[in-house]
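This report examines selected parts of one protein model. Please consult the sequence and the structure shown below while reading.

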Amino acid sequence: MTADPDPSDEHWREEIFNRMNKASFVLDRIESDEPYPVEPDSDLAGDREQVPDLWVDTLAARRLKVAVDYLAGVRDLVGGGTHFYAPFALLRAVLESSATAVWLLEPSDRKIRLQRLVGLHIDDTNNKKAVQFMLPEEFRDLFDHEPGIRKMVTDSGSSRGKCKFPDYTSVLKRIDDLPDEAGSMLLAWRVCSGFSHGLSWATTGLMPELNREQLGTTVHRVETSANYQLVSSMVATAVRTIERADCLFKVRQTARPHEIKFNFTRG
């Protein structure tokens, strides 16, 4: 059996680009002017009709556009130089945005889709309020979202307490399609978060080490190299999440009755 190349080997950079290229048709679609036209009598058309002031497809497509832009940033970093930690911070953002799109589109029950939609909007406006209070008064946006939110909650047919965006840990747990495997979405997000926050278990424990030298009882010196094998694995999970959202869009945007089944193949 042939051993894998070293984690810093150029082979892994090529793997990163190959994995992105396999999903290029999805990325091209998401970056187009109208990536997912909603057909009459489709699930998304029904969602629009029930909550006309806030659309599932708009929020989900926006999250995917953000994910794709961050993924392009990973490509540029990997192709433009050697970066030990920065790709993981961008991949964390890719996973959060694409996972939110999946979370919005996945439920077959319209009531749950609309609860998530309105909950995400409420969370968005709450974060906006927090930012506004930190600005000088003359720069604040005084628009009152509350009347619109109350209408959206009523239109959704659920109570406000049911309309919540939990947190990314809960979202990733709920939609993780490979929870006990190396390709787990939650695992990838935790790894990328570890790098983003500069945690030792990630920034030292997951980086290849060379020429370790003990200098004292608790002090050592070591050379490290970039772990592009790990970046490649995280890219595979991030791209799979984007592709999964794309498959869900196809199911939700197509007029019913249709024979389209969610048949996502994980490769």
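## Serine 156 and its surroundings

Two residues are said to touch, or to be in contact, when heavy atoms of theirs lie within 4.5 Å. The structure discussed here is a predicted model. Leaving out residues up to four places away in sequence, serine 156 touches Gln50, Val51, Leu114, Val118 and Cys163.

Serine 156 belongs to helix H7, which covers residues 146–156. Is serine 156 buried or exposed? A residue is counted as buried when its relative accessible area is under 20%; serine 156 has 2% relative accessibility, and therefore it counts as buried. Its side chain also reaches the backbone nitrogen of serine 158, at 3.3 Å. Cysteine 163, one of the residues that serine 156 touches, is buried as well, with a relative accessible area of 3%.

## Helix H9

Helix H9 consists of twelve residues, 185–196. From its first C-alpha to its last it reaches 16 Å, close to the 16 Å expected at 1.5 Å a residue. After H9 comes glycine 198, which has a positive phi near 65°.

Why is H9 described as largely enclosed by the rest of the structure? The reason is that nine of its twelve residues are buried. These buried residues are Met185, Leu186, Ala188, Trp189, Val191, Cys192, Ser193, Gly194 and Phe195. They pack against four helices: H5 (86–105), H8 (168–175), H10 (200–203) and H11 (228–253).

## The largest nonpolar core

The largest nonpolar core contains 67 residues, and within it Leu91 and Ile242 touch the most other members. Helix H11 supplies the largest share of this core, namely eleven residues.

Which residues does leucine 91 touch, not counting those up to four places away in sequence? They are Leu71, Val74, Cys192, Val231, Met234, Val235 and Ala238. Cysteine 192, which is among the buried residues of H9, has a relative accessible area of 0% and is therefore buried. How many disulfides does a search of the whole structure find? The search finds zero.

## Isoleucine 175

Isoleucine 175 lies in helix H8. With a relative accessible area of 1%, isoleucine 175 is buried. Apart from neighbours within four places in sequence, isoleucine 175 is in contact with Ala99, Val102, Trp103, Glu106, Met185 and Arg244. Met185 is also one of the buried residues of H9.

## Backbone features

Where does aspartate 41 lie? This residue is found in the loop between helix H2 (24–30) and helix H3 (43–50). The phi of aspartate 41 is near 70°, a positive value in a residue other than glycine. A residue counts as exposed at over 50% relative accessible area; aspartate 41, at 60% relative accessibility, therefore counts as exposed.

A further backbone feature involves arginine 256 and proline 257, which are joined by a cis peptide bond with omega of about 5°. Proline 257 is located in the segment after H11.

Definitions and conventions: Residues numbered from 1 in each chain as written. Predicted model: local features only at pLDDT ≥ 70, side-chain atom pairs only at ≥ 80, totals over all residues. Heavy atoms only, no water. Helix = DSSP H or I, 4+ residues; strand = E, 2+ residues; numbered from the N terminus. Expected span 1.5 Å × (residues − 1). Buried < 20%, exposed > 50% of the residue type's maximum accessible area, 1.4 Å probe, protein only. Core = buried A, V, L, I, M, F, W, Y, C linked by side-chain atoms within 4.5 Å. Polar contact = N/O pair within 3.5 Å; in protein donor to acceptor, adjacent residues only side chain to side chain. Disulfide = S-S within 2.5 Å.
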